[in-house]
Amino acid sequence: MSKLSLPKDKIKVVLLEGIHDNAVHALNVAGYTNVDCYPGALDGVALRDAISDAHIVGIRSRTRLTEQVIAQAPKLMAVGCFCIGTNQVDLKAAKMAGIPVFNAPYSNTRSVAEMVLGEMIMLYRGIPEKSAAAHAGKWLKSAKGAHEVRGKKLGIIGYGHIGSQLSILAEALGLEVQYFDIVNKLALGNAKACHTMEQLLRSSDIVTLHVPATAQTKGMFGATEIGQMKKGALLINASRGNVVDIDALAAALKSGDIGGAAVDVFPTEPASNDDEFVSPLRGIPNVILTPHVGGSTQEAQANIGTEVADKLITYSDNGSTLGTVNFMEVALPVQGTATRFMHIHRNVPGVISRINDIFSGKGINISGQYLRTDGEVGYVVVDVEADIEPGQGFRKALDAIDGTIRSRFLF
Ligand code: NAI
C-alpha cells in the first residue's frame with residue numbers, strides 16, 4: 001500500500017437496499033472492512049446522513065442519487081448499482097463530480113437462458129394449457145400436438161451474452177441452432193449464422209429474441225416478421241417489451257399462424273405488484289406470460305453482488321474504470337512498484353502539461369501515463385517511479401490545477 005493513500009479500512013462503503021452478502025464478503029476480503037449495510041432504500045435526510053462521509057455507495061434500483069444527493073456526499077468517489085439499470089442515478093452529475101458508476105449488465109445471463117430453454121420445452125408440450133386445465137379440475141391427457149425439442153431448429157436473434165449462452169445449452173438438448181446478429185459473431189458449437197433475419201425466420205421452428213433496446217430494435221418484430229415465420233412456429237421474447245408488436249403477435253396466435261409464445265417483457269408493465277397487468281395476450285392458449293423475471297434468480301443476485309463489488313474494488317485499488325456506464329473507460333496494468341496518482345478534471349486545455357510540470361519540477365520520472373477524455377471530463381492516471389513521502393505537497397499541487405474535479409493516490 002502506498003504511504004500516501006487512505007488506508008482501506010478508512011474507506012467508508014455504504015450499501016443500501018439489502019445488497020447480497022457476496023458484495024460485503026468481496027469487499028472485506030479485499031481489505032475494505034468499513035462497510036455499513038442498510039436493508040432498504042433511503043431518501044431525503046436519511047439518505048443524506050447515511051452517505052455524507054461515504055467514499056463508495058452501493059444501491060439497487062430504488063435509491064435515487066440525484067445531483068443534489070451527490071453534492072451532499074463530498075467524499076464520494078464511486079457508485080455501484082447492484083442491478084442492471086442505472087436510471088436511478090444522475091449519471092451526468094456523477095461524472096461531473098468525478099464519480100464513475102458501475103453496474104452488472106451480464107450477471108443474469110444464465111438465468112434468462114435457462115428460462116427460455118424451459119419455456120420452449122413447455123410450449124412444445126402444450127403445458128400451459130394442460131396445467132391450467134388441471135388446476136381447473138380437467139384432465140387433458142393426450143400426445144396430440146406434443147413434441148420433443150430434440151432435432152428442432154432454434155433461431156436466435158441477437159447472439160450476444162444471452163443468445164450465445166442459450167445456443168450452447170440448446171445444442172446440449174439436441175436442438176439445431178442458427179442465429180442472426182447485425183454484428184459478425186463467432187458461431188459457438190455447431191451453430192450457424194444466417195445472413196438475414198428473414199432467412200432465419202423462414203427456417204426456424206422456434207424464434208427467440210435477445211436484442212438490446214436500440215432505435216433499430218424498437219418495433220423490429222411486427223406483422224411482417226411474424227408472417228415470415230413457419231406456420232405453427234413458437235416465438236419467445238425475453239429481451240425488451242417494445243421489440244415485438246404485441247397486437248400483431250396476439251392476432252397471429254389467435255389465427256394459429258404462431259403455435260405458441262412465451263413473453264416476459266411488455267410495452268407497458270405494471271409499476272408494482274399491486275397494479276393490474278393488462279395485455280392483449282391474456283387468455284390466449286399456449287402462451288406463457290411472465291412478469292419480467294427472466295433474470296430474477298437468487299444466483300443472479302449473488303453474481304451481481306460479486307460483479308459490482310469487484311468493479312468497485314478494482315477502481316478503488318487500481319484506478320481501472322472498465323465497465324463504467326458514465327465515465328471514460330481506462331484499463332490499467334497492475335501498479336507494481338510505482339506510486340500511482342489519478343486526476344479527474346474538466347476537459348480544458350493545459351491540464352496534462354501542468355500535471356507533468358509538477359513531477360518534472362521535482363525531477364521525478366513518469367513511468368506510465370494513461371489518459372481518456374470526453375467532451376467534458378478528463379481522467380488521467382500517472383505512475384511515477386519514486387519514493388514519495390507524505391507531506392511533499394503533490395496532492396495539494398494537483399488539486400490546485402485549474403479545472404481539477406478530484407485527485408487521489410492509489411494503493
Ligand atoms: P448483449 O448486448 O450481450 O447482446 C445483444 C446482441 O444483439 C448483440 O450481439 C448485438 O450485436 C445484437 N443486436 C443488436 N441489434 C440487433 C438487431 N437489430 N438485430 C439482430 N441482432 C442485434 O445483450 P444481452 O445481455 O444478451 O441481453 C439481450 C437482451 O436481454 C437485452 O435487451 C436485455 O435488456 C435483455 N434482458 C432481459 C432480462 C429479463 O429479465 N427478461 C434480463 C437480462 C437481459
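This is a predicted model: local features need pLDDT of at least 70, side-chain atom pairs count only at pLDDT 80 or more; totals for chains, interfaces and linings use all residues.
Lys8 is placed in the segment before strand S1 (13-15), where helices (H or I, at least four residues) and strands (E, at least two) are DSSP runs numbered from the N terminus. Residues are numbered from 1 along each chain as its sequence is written, and side-chain values use heavy atoms, with hydrogens and water left out.

With a relative accessibility of 16%, Lys8 counts as buried, a term that denotes under 20% relative accessible area, with exposed meaning over 50% and partly exposed in between (1.4 Å probe, protein chains only). The side chain of Lys8 makes a polar contact of 3.0 Å with the side chain of Asp317, and a polar atom of the Lys8 side chain lies 2.9 Å from the backbone oxygen of Ala30. A polar contact is a pair of N or O atoms within 3.5 Å; within protein, one must be able to donate a hydrogen and the other to accept it, and residues adjacent in sequence count only if both atoms are side-chain atoms.

Ser320, in the loop between helix H11 (298-318) and strand S13 (339-346), is likewise counted as buried, at 8% relative accessibility. Its side chain is joined to that of Asn318 by a polar contact of 2.5 Å and reaches the backbone nitrogen of Leu332 at 2.9 Å. When neighbours within four places in sequence are left aside, Ser320 is in contact (heavy atoms within 4.5 Å) with Phe102, Thr314, Tyr315, Val330, Ala331 and Leu332.

The axes of helix H5 (residues 109-124) and helix H7 (residues 161-172) come within 9 Å and cross at roughly 50 degrees; axes are lines fitted to C-alpha atoms, for helices over the stretch in contact, and angles run from 0 to 180 degrees between N-to-C directions. H5 and H7 are therefore oblique to each other, given that angles under 35 degrees count as roughly parallel, over 145 as roughly antiparallel, 65 to 115 as roughly perpendicular and the rest as oblique. On the H5 side, Thr109, Arg110, Val112, Ala113, Glu114, Val116, Leu117 and Met120 meet His161, Ile162, Gln165, Leu166, Leu169 and Ala170 of H7.

Across the chain there are 13 helices and 16 strands, and 49% of the 411 residues count as buried.
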